Amino acid sequence: MRQLRLGKDAMDRDWAEPELDLGVVAAHAGYSRYHFIRAFKEAYGETPGQYLTHRRIERAEEMLRGADLSVTEICHLVGFSSLGSFSAGFKARTGLTPSEYRAKHVGRGAALIPGCYAMLWAGGFPTATLEKRRGGRPVYGDGDQQEAASPDRSAES
């Protein structure tokens, strides 16, 4: 059971990572992929994929209620790579589309958090940030400082 909990903890911790897949989670638990699926379902009553989808949809529900972000932005922030699979899974779990859910639940509590703050808190879109850092290009804002420091570029402006 301890090994299964390691895999479950990895899903609870890294739920927003689109690259999180069965192989990675099973490796955390020290199981083969197929043995992990069987053992996880026996212990928790659902497959690891179902569990991860439920966690992501729960986070999306929170964001739809509290953040002023588009459904597409929320879809990507919670780890889905496809808006269609996000919407279908969301509707299957809640009985409402993400837009219907937002319309029904917004206004029941605190004001919406501005999207820019929610994106800052969530770290932006993971793929864009990772691509910039892997490619050796400057991270957002770094390029502006380099341009200001370069006399050739400031003379051209």
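Me: Let's start with charged side chains. Which residue forms a salt bridge with Asp12, and how far apart are the closest N and O atoms?

Reply: Happy to start there, and keep in mind that this is a predicted model. The general idea is that side chains of opposite charge can pair when their charged atoms come close. Here the partner of Asp12 is Arg55, and the closest N and O atoms of the pair are 3.9 Å apart. That falls inside the cut-off of 4 Å for a salt bridge.

Me: Are the two partners buried or exposed? I mean Arg55 and Asp12.

Reply: Here relative accessible area is the guide, with buried meaning under 20% and exposed over 50%. Arg55 has a value of 17% and is buried. Asp12, at 28%, is partly exposed.

Me: How many salt bridges does the structure hold?

Reply: There are five. One of them joins Arg59 and Glu58, with 3.7 Å between the closest N and O atoms. Arg59 is partly exposed at 22% relative accessible area, and Glu58 is partly exposed at 26%. Salt bridges with shared partners link Asp12, Arg55, Glu58, Arg59 and Arg93 into one network. Another salt bridge brings together the side chains of Arg13 and Asp14, at 3.5 Å from N to O. In that pair Arg13 counts as exposed, with 51% relative accessibility, while Asp14 is partly exposed at 24%.

Me: Now the helices. Which residues of H3 are buried?

Reply: For a helix, list the buried residues and then see how they are placed around the axis. In H3 they are Phe36, Ala39 and Phe40. Their arc around the axis is only 100°, which puts them on the same side of H3. The face turned away from that buried side carries exposed residues, namely Tyr34, Arg38 and Glu42.

Me: What do the buried residues of H3 pack against?

Reply: They pack against H1, H2 and helix H4, which spans residues 48-66. Just after H3 comes Gly45, with a positive phi of about 80°.

Me: Which residues are buried in H2?

Reply: The buried residues of H2 are Val25, Ala26 and Ala29. They cover an arc of only 100° around the axis, which puts them on the same side of H2. Their cover includes helix H1 (2-13) and helix H3 (33-44). Just after H2, Gly30 takes a positive phi of about 80°.

Me: What does Ile74 touch, leaving out residues up to four places away in sequence?

Reply: Ile74 touches Ala60, Met63, Leu64, Leu69, Phe86 and Arg102.

Me: And the whole chain: how many helices and strands does it have?

Reply: The protein chain has 11 helices and two strands. From the N terminus on, the order is α-α-α-α-β-α-α-α-β-α-α-α-α. Of its 157 residues, 31% count as buried. The accessible surface comes to about 9,800 Å², and 52% of that belongs to carbon and sulfur atoms. For contacts between residues at least 6 apart in sequence, 56% join residues at least 24 apart.

Conventions. Residues numbered from 1 in each chain as written. Predicted model: local features only at pLDDT ≥ 70, side-chain atom pairs only at ≥ 80, totals over all residues. Heavy atoms only, no water. Buried < 20%, exposed > 50% of the residue type's maximum accessible area, 1.4 Å probe, protein only. Helix = DSSP H or I, 4+ residues; strand = E, 2+ residues; numbered from the N terminus. Arc of directions from axis to C-beta. Contact = heavy atoms within 4.5 Å. Areas by Shrake-Rupley, 256 points an atom, 1.4 Å probe, with all protein chains shown as cover.
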